[in-house]
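Hello,

Here is the structure I promised to pass on to you. Have a look through it first, and my notes follow below.

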Amino acid sequence: MWCYSILAHTMSEKITTVETYIEQHSPEHQTILRALRLLIQTHIPFVLEKVSFGIPFYHHYGMCFYYTVTKQNYVELCLCRGKELQQTFPQLESRGRAIIAGVALRSTEDIARHDIKTMLICATEWNEQAKKLGIPMVNKQIRSSKKTHTGKPIKANKPSSSQRQRKIS
């Protein structure tokens, strides 16, 4: 029954609050989402909670982490700098993403089992430290090594010789 009301709700109204996002999901997912939100509000109350891209995002010195309900029917907690934390938290999976890594949560017990509290505190501290040190979230080498649909690297537009001469003089 809740599926029909969710479909009607999402089609007619843009999600603007975290509570609205949570309410659109199944009772099982709501339990996990509310437990995550409470953990965040209790242990990292200084992060800014807002809806970005239609999902709950948490900001601290930039985008830090978010959670979403996946098409595979589980809640995924994603860290924006998660790939950098995989050695400390091996339960994080990048799933082919350049910088983001996440952990699947299928029950509230997974929150304790994966030590989500420690993970989020660490991710928040790392986001702040990286920002203060000027460490970019995306390495420029990663961007420049992207390939086109033909499989060849994308080339940056190089200035012409006349443009280079104008810069010199």
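**Notes on the model**

A polar atom in the side chain of Asn127 lies 2.8 Å from the backbone oxygen of His60. Please keep in mind as you read that this is a predicted model.

Let me stay with Asn127 for a moment. This residue lies in helix H5. Is Asn127 buried or exposed? With a relative accessible area of 2%, Asn127 is buried. Setting aside its neighbours within four places in sequence, Asn127 is in contact with a run of residues that includes His60, Tyr61, Gly62, Met63 and Cys64, and also with Arg81 and Met137.

Next comes the nonpolar core. The largest one has 37 residues. Which residues have the most contacts inside it? They are Phe65, Tyr67, Leu77, Leu105, Ile116 and Leu120. At least two residues of this core come from each of the following: helix H2 (18-23), helix H3 (27-43), E2, strand E3 (63-69), strand E4 (75-79), E5 and H5. As a general background, nonpolar side chains tend to be buried together in soluble globular proteins.

Leu105 is found in strand E5, which covers residues 101-105, and Leu105 is buried, with a relative accessible area of 0%. Not counting residues up to four places away in sequence, Leu105 touches Ile32, Leu36, Tyr74, Val75, Leu77, Asp110, Ile111, His114 and Ile116. The contact with Leu77 brings together residues 28 places apart along the chain, and their C-alpha atoms are separated by 7.4 Å. Leu77, again leaving aside its neighbours within four places in sequence, has contacts that include Leu36, Phe65, Tyr66, Tyr67, Val103, Ile116 and Leu120.

Now for the rings. How many aromatic pairs does a search of the whole structure find? There are four. One of them is the pair of Phe53 and Phe57, which is edge-to-face, with 5.8 Å from centre to centre and 65° between the planes. Tyr58 and Tyr67 form a tilted pair, because their planes are at 35°, and the ring centres are 5.7 Å apart. Tyr58 is buried at a relative accessible area of 1%, and Tyr67 is buried at 0%. Ring pairs also link Phe53, Phe57 and Tyr66 into a cluster.

Phe57 counts as buried, with 5% relative accessibility. Phe53, in contrast, counts as exposed because its relative accessibility is 71%, and the cut-off for exposed is over 50%. Phe53 sits in the loop between strand E1 (48-52) and strand E2 (55-59). Its phi is near 60°, a positive value in a residue other than glycine.

A positive phi also turns up at Asp115, at about 50°, although Asp115 is not a glycine. Where is Asp115 placed? Asp115 is in the loop between helix H4 (109-113) and helix H5 (116-133). This residue is partly exposed, with a relative accessible area of 36%.

One last item brings a charge and a ring together. The charged end of Arg106 sits over the ring of Tyr74, 4.4 Å from the ring centre.

Enjoy exploring, and write back whenever you like.

Best wishes

Key: Residues numbered from 1 in each chain as written. Predicted model: local features only at pLDDT ≥ 70, side-chain atom pairs only at ≥ 80, totals over all residues. Heavy atoms only, no water. Helix = DSSP H or I, 4+ residues; strand = E, 2+ residues; numbered from the N terminus. Buried < 20%, exposed > 50% of the residue type's maximum accessible area, 1.4 Å probe, protein only. Contact = heavy atoms within 4.5 Å. Polar contact = N/O pair within 3.5 Å; in protein donor to acceptor, adjacent residues only side chain to side chain. Core = buried A, V, L, I, M, F, W, Y, C linked by side-chain atoms within 4.5 Å. Phe/Tyr/Trp six-rings, centres within 6.5 Å; stacked < 30°, edge-to-face > 60°. Lys NZ or Arg CZ within 6 Å of the ring centre and 35° of its normal.
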